[in-house]
Amino acid sequence: MNTLPTAKQVRQTLSAYAVSSTAHGLTLFIIDLLLYLAALAVVLFAPWLAVKLLAAIVAGANIANLVTLGHDAAHNSLTRSRPLNKLIAFIAFTPALFNYRLWLYDHHQLHHHSTNENQPGSFTPLSKPAFDALPRWKQRLQRLYRSRSLWTLGLYYIVERWWQVNFVPRRDMPDSVQRSGWPHFAYLLVYCVGFIALLAAAPLYSDTSALTAILLGFVVPFYVFQSLFSFTVYIQHTHPRAAWFNARPDRNTQGRQDLLAIQLRFPKWFTLLTHSIFDHPAHHVHPAIPSYRLSEAQAKLNAMVGPAVISERFTLAWFAQVRQRCKLYDYEQHRWLDFDGKPSS
């Protein structure tokens, strides 16, 4: 029986892919930023409503791509320059209304250090006792969030995560995070007000009404982005085989990073289009690997660890099964439950 390589061996092997290219990273960022601006231009100046709506959806998808690159830059892996990475992350997070300082705290200090632990996080599953202790209206909300309806993904992230952890500093955050987060919040607030005002003034420089400009230039792209981002963070750590823990696990055995994240396999063109964001286990093993080297690193990881890596070819039918089976979690027996407490994995 073959034994797995150790977590240390896996990380050492994948470190060969943690090589950044300033030209490559900067080019990807400029392309996505220009595509986002071009989509906004189509919203404002195209004569047909259907084209405007399509452009609004494209703008939302490009906000998601910008956040993916901002994520790399915040890890200081997109380019070889730390100041340039910080600037790119700051700009890339702006259309998403993501507070750069709060992102560093939530993503770096909490998510990566406490992966799949039972703490407030994106789609952290509730235990049956925790679910039963909720007020009835919150139970209904949890059922809605984990229903098969796709539109609830965006609702979940806006209500439960974005404004609470990525927008406004909160009192439960460390004092240093609050102090540094408020200037970033002020910047986002000024940007948001200015951007909406610019869209409201659309009749002055285009044939688009103020309402259409605001809906298709801001509201629809923002919701599309939030939905795509919510889908991504959901599926990266939700799977019938994905383990969650009440306390910090041994990160060299059952709590290994390469065994807690999920790889979703898509056609190569889609993987390139989304900056390999779904090759997630390799990222958790070595966050310094830039997205444009992540697919190679993931292939190497899969070869080393084999079927222990959770890797799935994405289909809507498979995704519906995950949504159906992964409702609550039994942290003692390490299995997923439905809302009645019956094992589903």
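Trainee: Why is arginine 251 called buried?

Mentor: In this predicted model, arginine 251 has a relative accessible area of 16%. Buried means under 20%, so arginine 251 is classed as buried.

Trainee: Where does arginine 251 lie, and what does arginine 251 touch?

Mentor: Arginine 251 belongs to the loop between helix H10 (210–235) and helix H11 (257–260). Leaving aside residues up to four places away in sequence, arginine 251 touches Ala7, His113, Ser114, Thr115, Glu117, Arg256, Gln257 and Leu260.

Trainee: What makes the pairing of arginine 251 with glutamate 117 a polar contact?

Mentor: The side chains of arginine 251 and glutamate 117 are joined at 2.8 Å. The cut-off for a pair of N or O atoms is 3.5 Å, so this pair qualifies as a polar contact.

Trainee: How do you know that the length of helix H4 agrees with expectation?

Mentor: Helix H4 covers residues 82–93, which is 12 residues.

Trainee: Which residues of H4 are buried, and why are they said to line one face of the helix?

Mentor: The buried residues of H4 are Asn85, Ile88, Ala89, Ala92 and Phe93. Viewed down the axis of H4, the buried residues fall within an arc of 115°, and therefore they line one face of the helix.

Trainee: What covers those buried residues, and which side chain reaches the backbone at the start of H4?

Mentor: The cover of the buried residues of H4 includes helix H2 (22–45), helix H3 (49–74) and helix H5 (100–111). At the start of H4, a side-chain oxygen of serine 81 comes to within 3.2 Å of the backbone nitrogen of leucine 84.

Trainee: How do you know that the radius of gyration of the protein agrees with that of a compact globule?

Mentor: For 345 residues, a compact globule would have a radius of gyration near 20 Å; the protein has 21 Å, so the value agrees with the rule. Along its principal axes, the C-alpha trace spans about 70 × 50 × 45 Å.

Trainee: How many helices and strands does the protein have, and what share of its residues is buried?

Mentor: The protein has 15 helices and 4 strands. Of its 345 residues, 50% count as buried. The protein exposes about 16,200 Å², and carbon and sulfur atoms supply 63% of that area.

Trainee: What share of the contacts joins residues at least 24 apart in sequence?

Mentor: Among contacts between residues at least 6 apart in sequence, that share is 70%.

Conventions. Residues are numbered from 1 along each chain as its sequence is written. This is a predicted model: local features need pLDDT of at least 70, side-chain atom pairs count only at pLDDT 80 or more; totals for chains, interfaces and linings use all residues. Side-chain values use heavy atoms; hydrogens and water are left out. Helices (H or I, at least four residues) and strands (E, at least two) are DSSP runs, numbered from the N terminus. The expected span of a helix is 1.5 Å times one less than its number of residues. Buried means under 20% relative accessible area, exposed over 50%, partly exposed in between (1.4 Å probe, protein chains only). The arc is that of the directions from the helix axis to the C-beta atoms. Contact means heavy atoms within 4.5 Å. A polar contact is a pair of N or O atoms within 3.5 Å; within protein, one must be able to donate a hydrogen and the other to accept it, and residues adjacent in sequence count only if both atoms are side-chain atoms. The radius of gyration is taken over C-alpha atoms; the globule rule is 2.2 Å times the number of residues to the power 0.38. Accessible areas come from the Shrake-Rupley method with a 1.4 Å probe; for residues, only the protein chains shown count as cover.
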